[in-house]
Amino acid sequence: MKECDSFFVLDPGLEDARVDAEVEKIRDFITARSGEITEIQKWGRRKLAYEINRRKEGIYTLIRFKSAAELPAELDRRYRLNESMIRFLTVLHEAPPAGEQVPVRDEEAVDDADGDAEGEE
C-alpha cells in the first residue's frame, strides 16, 4: 500500500452540509476500494492565490490515505467529473530506493578548495 495526499478545493458557494457530504463521498470512495484513511483536514474557506472561474475563494480539504497504486488515478477521474471541484491534486509518497545514500559534502574539503583558489590568484 502506498501513502497518498489528496488535496482539493471546492466551490465556495456550497453550503456546509453539502461540503461535508462531498468529503464523505470521497471518504466512502477510498474505503470502498480497500483504502485506509489516516487523516482528514478541513481547512475551510480561504482566498485563492488567483481567480479561477471568476471565484476568488474556495473551500480547502486535505485527505491522507493508504491505498493500492491504482486508486489515485481513479480518484482523480472522479474529481474531474465532480462539478463542485475547482482544483485538486493527489500525490503519492515514494521512499528513496533501499541502499541508496545521498552524498554528503565534506566541510573541510570545501574549505581547502576555497582556500587554494584564493591563494593561486
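Reader: Why is the pairing of glutamate 22 with lysine 25 called a salt bridge?
Author: In this predicted model, the closest N and O atoms of glutamate 22 and lysine 25 are 3.8 Å apart, and since a salt bridge requires a side-chain nitrogen of Lys or Arg within 4 Å of a carboxyl oxygen of Asp or Glu, the pair is counted as a salt bridge. Side chains of opposite charge can pair when their charged atoms come close.

Reader: How do you know that glutamate 22 and lysine 25 are separated by about one helical turn?
Author: Both belong to helix 1, and because they are 3 residues apart there, about one helical turn lies between them.

Reader: What makes glutamate 22 buried or exposed, and what makes lysine 25 so?
Author: Glutamate 22 has a relative accessibility of 3%, and because buried means under 20%, glutamate 22 counts as buried. Lysine 25 has a relative accessible area of 42%, which lies between the limits of 20% and 50%, and therefore lysine 25 is called partly exposed.

Reader: Which residues of helix 1 are buried, and how do you know on which side of helix 1 they lie?
Author: The buried residues in helix 1 are Val19, Glu22, Val23, Ile26, Phe29 and Ile30. They cover an arc of only 120 degrees around the axis, so they lie on the same side of helix 1. The face turned away from that buried side carries the exposed residues Ala17 and Ala32, while the elements covering the buried residues include strand 1 (2-10), strand 3 (55-67) and helix 2 (71-81).

Reader: How do you know that the span of helix 1 agrees with its number of residues?
Author: Helix 1 has 17 residues, which at 1.5 Å a residue should span 24 Å, and because its end C-alpha atoms are 24 Å apart, the two values agree.

Reader: What makes aspartate 11 and arginine 55 a salt bridge, and which parts of the chain does the pair link?
Author: Their side chains meet at 3.2 Å, N to O, which is within the 4 Å limit. The pair links distant parts of the chain, with aspartate 11 in the loop between strand 1 and helix 1 and arginine 55 in strand 3, 44 residues apart.

Reader: Why is aspartate 11 called buried, whereas arginine 55 is called partly exposed?
Author: Aspartate 11 has 17% relative accessibility, which is under 20%, so aspartate 11 counts as buried. Arginine 55, with a relative accessible area of 25%, falls between 20% and 50%, and is therefore partly exposed.

How values were computed:
Residues numbered from 1 in each chain as written. Predicted model: local features only at pLDDT ≥ 70, side-chain atom pairs only at ≥ 80, totals over all residues. Heavy atoms only, no water. Helix = DSSP H or I, 4+ residues; strand = E, 2+ residues; numbered from the N terminus. Expected span 1.5 Å × (residues − 1). Buried < 20%, exposed > 50% of the residue type's maximum accessible area, 1.4 Å probe, protein only. Arc of directions from axis to C-beta. Contact = heavy atoms within 4.5 Å.
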